Every structure is written in structure tokens, then in C-alpha cells.
Amino acid sequence: MQGKGLIKVLLVLFIAISLLQFAYFIPTKNQEKLAAEYAHNITGLTSDDDSAEYKMHRANYLDSISDIPIFNVLFIKNYTYAELKQQQLGLGLDLKGGMSAFLQVDLSDFLKGMAGRNANNTDFLKAMDNANEAMKASQEDFVGLFVKEYQKIAGENKLSKLFQKNEALGNITSETDDATITKLLRQKANETVKITFERLKQRIDKLGVAQPNVSLDPSRDLIAVEMPGIDNPERAEEFLTKSAKLEFWDVYRYTDAGIMQAFQMADNMSGKATTSAENGPVVMRDSIVFNELGEIIDTIQVADAGDISSIISSNSLFSVLNLNGGNLPPAVMGIVEKSRKRVVDEILEREDIKALFPKNAKFMWSYKPATNPDGKISNSYYLYLIKGQTTTDKAPLDGDVVTSASQALNPMNGQVEVNLRMNATGAKKWAEMTTKAAGDSNREIAIALDDEVVSAPAVNTAITGGSSSITGNFTVEEATDFAGILEVGKLPARTKIVQKNNVGPSLGKENINKSLNSLALGGIMVILTMLLYYSGAGLIALLSLVLNVFFLLGTLSSFGTVLTLSGIAGIVLTMGMAVDANVIIYERIKEELAIGKTLKQSIVDGFYHSYSAIIDGNLTTLLTAIILAYFGLGPVKGFAVVLIIGIMTSMFTAIFVSRLLMDWWVSEDRELPFWTNMSKGAFKNVNFDWIGKRKIAYIVSGVLTILGLISIFTKGFDLGVDYNGGYSYNIQFADNANVDAEKIRVGLTDVFEATPIVKQVDGKNTYNVITSYLITESSAEGTSDKVLNKLHEGINSFAGTKVSLDDFKNTELKSGDTHIISSAQVGPTIADDLKRTSFIAGILAILGVFLYILVRFSKWQYSVGAIVALTHDALMMLGLFSLLKGIVPFSLEVDQSFIAALLTVIGYSINDTVIIYDRIREYLNLNIMKPANEIINDAINSTLSRTLMTAFTTIIVVLMLFIFGGASIKGFAFALFIGILVGTYSSVFISAPIMADLSFDIKKSNKSTSKK
């Protein structure tokens, strides 16, 4: 073998790198052990106690040493804890528990900012509303949708009127066409999305998640986030979606002239005033009209009853708003129950009512509920009236001036607070604001985050040093998050969750145990098969397989890959397919030995004649895996990445490492058997007429395909939440809960206003519930909470034992009560996107295979035969999933995992087909004096042992995955199992016969041979 020295160097290098990757685990595990001891010493608790306090102290310890070197590599480089964690193979959320989400970057505010004062233009606002509505069912980016909608309303080339005053877009004039402006807007939008992505990554680092995975899809303005081990999904959601727009505002007080009169007039206008029996009839009194500076310029007559309670009707402002009567802080206008905030907003946003208040004023709610006198948190929120500037709608001071932020405890009162440090510009402005406020009867300044007032402290003295503290009844965790968000800075665009998935740690632990079992059993079965069939040569295949998995895990670790359930499936499949190259080589060596060549020469020739088949087969599989990685999202992309790396390591170990080991062994004239007594004569004298029986195969395949198509169009599929959109919950019911799928379905129909999809999971008292309730409003704030509340309400109505909402949604609940163990949300836009990209991926995979076969074999007949076989495989898989829906005792969802399995089968099937094609071409080029059909039969018969052995070893590991891999991967494994059977069948009975029937020169050869 040429280049043997280079192969040895590469082998040693790969082993050293992989060993180093695994060595990184030692120092990090030591530090994590110290962190656990530190948390235990403070709290007296352990990780088994599931304590938030314990976790916080453990995380604080690890955060404190994250930048300290803890490992040295040959005195060349020092690695910190954080750097080591980034270069380790971490566990994904489906193996560890946690949360994943797809965030859509909302460009609405971006466009409003670009339009400036024109953002209030009627046509602009209407186009924005239409674009937001169209976004729910479109795959186009928001900027493009807005331009289309605006052109429908205002006509062509009218965008310049909106954006010509924006200097950020360059020199736009009234003559600038829409196409140019659209391009400029898209460029600026891309910058905004990129900055949002970078700042979001920094935020997640502040959250303290170990090995988060954050990626950007710029073509769709989507940010994918995986946070393994996160134990508070609500906290994580807020952390991901909060814009963190920090602002400092002057405020009005309820005692300021004209403010209470304006509220009274607003009440009168919002609902008919009534007479109070206690307070007497309603009378009229003077009210005040303000100018832009908030100064009184006129008076008008408004209703007055001496007491506000006399002016209350069922639909009036005061029926929901309790005005400040002197018992609340001066900056608070009133207090409102959470459920009635929306009603107050609708009243105060009316143009006629807004005109009653100063023109520079705007209302804001408190960030958190108010605290009752007894210290308990209420369910009501404060309403503030913010005093804006007269020349701009921006705040006098914002968060851009903050240079550092940290959480601390106030030593005077023990309250948790956030300490801020400002730059010179901010310090100067802050001094001006606090000086003015202190001189105005110690007036309050409102500190707002995302248009909600965190606190409104009274200013006693001017603050001139550029430092300040924010208090707001924070917990330590909230203050830490708040400080982290402020230090990173506000997001230039809001983000909204369009898909999310929460997995409890107990389910993650169960998944990893089952996956490791299937991995181990699959490996053992492959090893036993190779030893029983190939004897001594099987040992070399075993060493090659072990090195393959070792290199695969080492490579994944070097990239800091997060291993998910789909990734383990990729490893298991790689193990099954890794023996393929060994089988091809061994079968060819056996053929060389059978014609009398020496062992050494048979090894040389066997490897030489196997290269083209191995390369062709692996390249076609690699092609489909690359397409899957490009178009796939989340777990599908993870599966594809593992498969791609697995194909690379498999080729290296099978072709080069196996050859090195064989050459070393036989160099001393040692024997190397390639069969056992049991396998020596297997498939040796097979002489089956495959081409002659092709019509029977055509009929069988045709009938099954037609039955499948009938089922597809009548029975349909069990579409997963990936493609339907909706909310999906896996619910573990209490052992004593008397439930079944039908009872759950009936019990939830009323609360969801439609019948949900309910399926039993893994034969336990666990059920999957899928509903489309409110999914079209999924981006609205609080929608997912409403769906969860409805689910909880419905479950409690029929499950027998009632459970609290907090326990019900606690994925870590250990009491045995009914609770959610995992959940997912897929909005309609992302569902449509997934369907579209899955279709494109399938078409491109088939097209790519067609072109590769055409280039490789130089005849279109080979390509058509392969494509017909692949289409046959796809239709058979789809048809069987439809036919068996509701019949088999496990879920047959058609989701992203199914598409991953389908494309994998396409790669696997074409691998088989290419190897048969390669042998057919080889035999035809030998000009054997036989009819072409007989030559094709001989080619298929000669590769039959390889075809069946590869199928058998792959099916073994897939079967282990199906039996022991758990419910969440059972459908995927079943799809692979069916696909491999069908793919093996089609390679022999469909692709080669179709190629033969289409080949004119082969038919001609048959006729001429028969004449002779």
C-alpha cells in the first residue's frame, strides 16, 4: 500500500488528538466535584435534593473559576474551565433535560425605526399589519412582505417617501426606486439580526448554561437555541425574549395639577357616569387642558362627585382601575388586577382619552406585581404616567450608557439590588436628571425595562458619580439575570419564540440509559456477527469498528458538539454501516482466494477492486447527509452532522486502518481466515435468475405502492407537531389515575374547543397530547400559559386526583402526581417552513443521486434505474406508515425524524445499488460471451453475500435501537428498519432490472447472443 508511512502518522495523530479530547474531562470533572462540595458546605444539600439554592451556589462557584487556567497541555497552552467545557462532548436536552427554541427575530420595530416620524403614516401602519398577518403563512422574510404590502397600498416606487430622511440608509431621494431601497433595508436588517444573535449568545453565557448551542439561520431570520440542563424554562424564555431596553424617565405624580381631573374625565367618557346614593348626585367642575410641556392652558367642565367611587359603571375606567387615594407611592396613578390590565390599556389608548393627558405623557405598568402591606406579593400592578421629552419620543437616558452591572445585597436593608455604572456621557445626564428631581420635592425617576417600570425611587440628593442602584423586590436569581442582560445591552430587535421544546431531566436520564443500552447491544451484535462469519478477519473488522467509534466521538468532542438522542441514533447507524466497507473488501478478497491467488495477493487485489464501490457508496450517502444537514433543523441537523463525520471516520478506518492491520499480520506469513466452517460455503453457488423474475417483482411492488397511495390519500398520515403546528405535551399520569387515550381525548375536547390528538407513549401511564388551540396566536405574550392552564383545567376534571398547576408543569416532579415530562410548541410559520424544506431536501437528494450516477456510470439508464428504485423506496415507506397508522402499538408520526430516516434510507439504498451497478459494469466490460441478462444476474449473484451481510448487520443495530431505544426514537428506528428492508429489495429487484429494460445495447446483446 502506497503512502503507508503517511497513514501511520495520521493514525497516531488521530489517536493522540482523540485521547486528548477525552483527557479534557478529567480536570473539569474535578472542578465540578469541588463545586458540588462548595454548594453542599453552604446549604447542607446535595444534587439529589433538587434545590434551587444548591444549584445557584454550585453555578456561582463554577462561574467564579471559569476564566482560571486549570489544565496545561505539554506546557504549551493553559486551558480554563470554560475553554475545556467548550471542547467536550456535551449532552443535549433530550439526554439531560432542558429547553430548545427557535426564535424569530421580529423586524417590526426595525422598520419603524428606519421610517422615523413616518412610522405613524397610515399606509405604513396598514402595510405593517398586513405583513405581520402574511408572515403567519409565508416563508418570505418580513422586509420583503412589508414591501409587497406597501406597494399594494401606495403603489410602485413610493418607498422613498418613507425612508428618504433616514441617513443610515444612505442618500435616498424621491427618485430612488423600490428595488434599491428594499436591498438597503435588507442589508440593514441583516446587520440587526446578526447583532441580535451575537448579544443573545452573550446573554446565554451570562445565564450559566453548560455548553449551550446557539446558531443563526440568516436566510430565515431564525435563531436556534439549545440549553441543556436548564431547570427553569419560564426564566429561560424571559431571558431569551426580553429586549432589555433600559430607560430612565421623569414621572408625573397623582397630585400634579390636572392629573386626577383627567382621569375623572376619562372615566366619564369610557362609561356613563352614575349617581352614588352615599355621595350624592354627580356635579360638574373645572378640569384642566395641558399643552405639550404639560402646562395648564385651559379648563373644561367634567363630572365630579367629590368621591371617585360615585362615578363607576360596569364599563368605565374606574370599574377596573383603583386610583391612588394617598395610600400608594406618589408616582403611582392607580392599581389594577392583572386580568384587567388589558381593559385599562384599551380605554387609555383611545385618541379622545389620550387627549385629556399631557401630550408628552405615556402610561407604563410596573414590572412586577405590587406588594401588599403584609409583605406578600399581590395580583395587581401599579400604573405610572411617564413624562416624556417635547422634542423626541426617546427617554432622556437609556441603557446604552451602562458600562457594568452586578447583583448585590444592600447592607442597610438586606434587599437584593442591581448596581449600575455609567460612562461619562451617562453620568453627566444622570446628574442633571437627579439634580432636577431632588429639587422638585424629591420627585421620583422611573427606571423602566422594556416599557415596564422596575422601580420609581424618590431622589433625595443629586447623583453625580455615574453609579446607581435599582431595587424592585428582586430575588437573587432575578437580579443576576437583570444585571447580565443590562451588561450585555439591549437587543436591537425583539425575538419571539416560534418553536420550543422542554424536556424534564427524568425523561432525559431515561433516554440516555436506553440509548446507551441500544448502542452497547448493537455493537455487541455486530461484533458477534463479524466474528462468526469472517473468523480471524472479523477481529480486524472489530478493531476497525472500535477505532471508528473512538475517532467519531473524539472528532465530535473537538468541535464541542452537543450529543442528542438523534446523534446517538447516528452513531448506532454508523456502527451498522461501518462494517459495510469491511464486508465489501472481505467478500472481494474471498473471491480472489477462490480463484487460487495467494493470501497476500488476494488482500492487495481485494482492496484495489473494492475502492470504487466503497467510494461510490459512501459519497452518495454523504451527499444525502449534507443535504439533510443544510435543510434540517435541530435534531435532524444533529443526526446529519454525526452521520457525515461517521462516514468519514468509517472510510478511514475500513480502507486504511484495516489494510495496515492486515499487512502487518500477514507480513510474517501468518494465516488470516476470512470464513468459519459455518460461513465457508454461504452464497457461493447462488445462481438465481433475478432479471427473469423481474416482472413478478414489478407486480408485487406495483400492488403495494398502489395500496400505499390509496391509504395516503384516504387514511392520510399521523403528522407530528413539526408539520401540523400546535402544542405537544407528554404527560405522566399518577399510578392511580384511571385514564386511557379515549378518556383524555373526550375530557380535553371542551377546554380546547376541538378534539386533540392523544397517543399512549411507551406502554406506560404516559400519554402524548397534541392540540392546535390558540396556535395562530402563539407569538402573542402569555398564549402558551393560556394553553397550559386549559390543559391543566381539563386534566383535573377527569383524572381523579387533582394536582396544582405548579406541580403539573414541573418536569422534575418526584412525588408521583400527574405532571408534564416534556412539551413542545411549533408555530404555523415554522411548521410550513419545515414541510417546505423537507420536500426540497427530498427532491435535491434524488436529483443529486441522479446526477452522480450519470457522471459516474456515463449512462442515463443507470440513473433512471436508481431514481425509480429510490422513488419506490420512498413511496413504500410513506405507504406503510399510512397503512399501519393506528394498527401498531407505537407512534408512526411523520415528522422531522421520519424525513431524516427517509433520506438516510435513500443514501443506504443507493449505496447498495451503486455496488451492484459497479459489478455489472465490470462484468459487461469483460466482454463475456453470455447474454447480457445472464451477465447482470451473475453480477447480482456475486454481490449477494455483501448485500445481505450489510443489510443484516445494519438491521441488527437498528433493531436494537427499536427495541431498547425508548418511545421517542421508536418511530425513527422503525422507519429505518422498513427502509433498509425495502432498500435492499429494490437494489436487487428494481434498479438493476429497470436499467436492463431501458438499455438498448443490452437488449441488442441479448438478441445477438441468442442468434449465435
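These legends walk you through a few close-up views of a predicted model.

**View 1. The second largest pocket and the residues around it.** Welcome to an open pocket with a volume of about 590 Å³. Its lining is made up of 18 residues, and those closest to the pocket centre are Glu591, Phe683, Lys684, Asn685 and Ser942. Two elements each give two or more residues to this lining: α19, spanning 565-594, and α30, spanning 932-942. Of these, α19 provides the largest share, with four residues. Sorted by class, the lining holds seven nonpolar, six charged and five polar residues.

**View 2. An aromatic pair, Phe733 and Tyr767.** The model has 29 aromatic pairs, counted by ring-centre distance. In this one, the ring centres of Phe733 and Tyr767 are 5.9 Å apart and the planes meet at 75 degrees, which is over the 60 degree cut-off, so the pair is edge-to-face. Follow the chain and you will find that the two partners are 34 residues apart: Phe733 is in the loop between β23 (726-732) and α24 (741-752), while Tyr767 belongs to strand β25 (residues 766-771). Both Phe733 and Tyr767 are buried.

**View 3. A cluster of phenylalanines.** Look here for six side chains that form one aromatic cluster: Phe14, Phe22, Phe550, Phe551, Phe652 and Phe656.

**View 4. Charges over rings, with Arg659 and Lys693.** Here the charged end of Arg659 sits over the ring of Phe607, at 5.2 Å from the ring centre. Another example is Lys693, which lies over the face of Phe688, 5.8 Å from the centre of that ring.

Note on methods: Residues numbered from 1 in each chain as written. Predicted model: local features only at pLDDT ≥ 70, side-chain atom pairs only at ≥ 80, totals over all residues. Heavy atoms only, no water. 1 Å grid on protein atoms, 1.4 Å probe; cavity = no way out; pocket = protein on both sides within 12 Å on 5 of 7 lines; lining within 4 Å. Points joined across faces, edges and corners; volume = space filled by probe spheres on them. Nonpolar A, V, L, I, M, F, W, Y, C, P; charged D, E, K, R; others polar. Phe/Tyr/Trp six-rings, centres within 6.5 Å; stacked < 30°, edge-to-face > 60°. Buried < 20%, exposed > 50% of the residue type's maximum accessible area, 1.4 Å probe, protein only. Lys NZ or Arg CZ within 6 Å of the ring centre and 35° of its normal.
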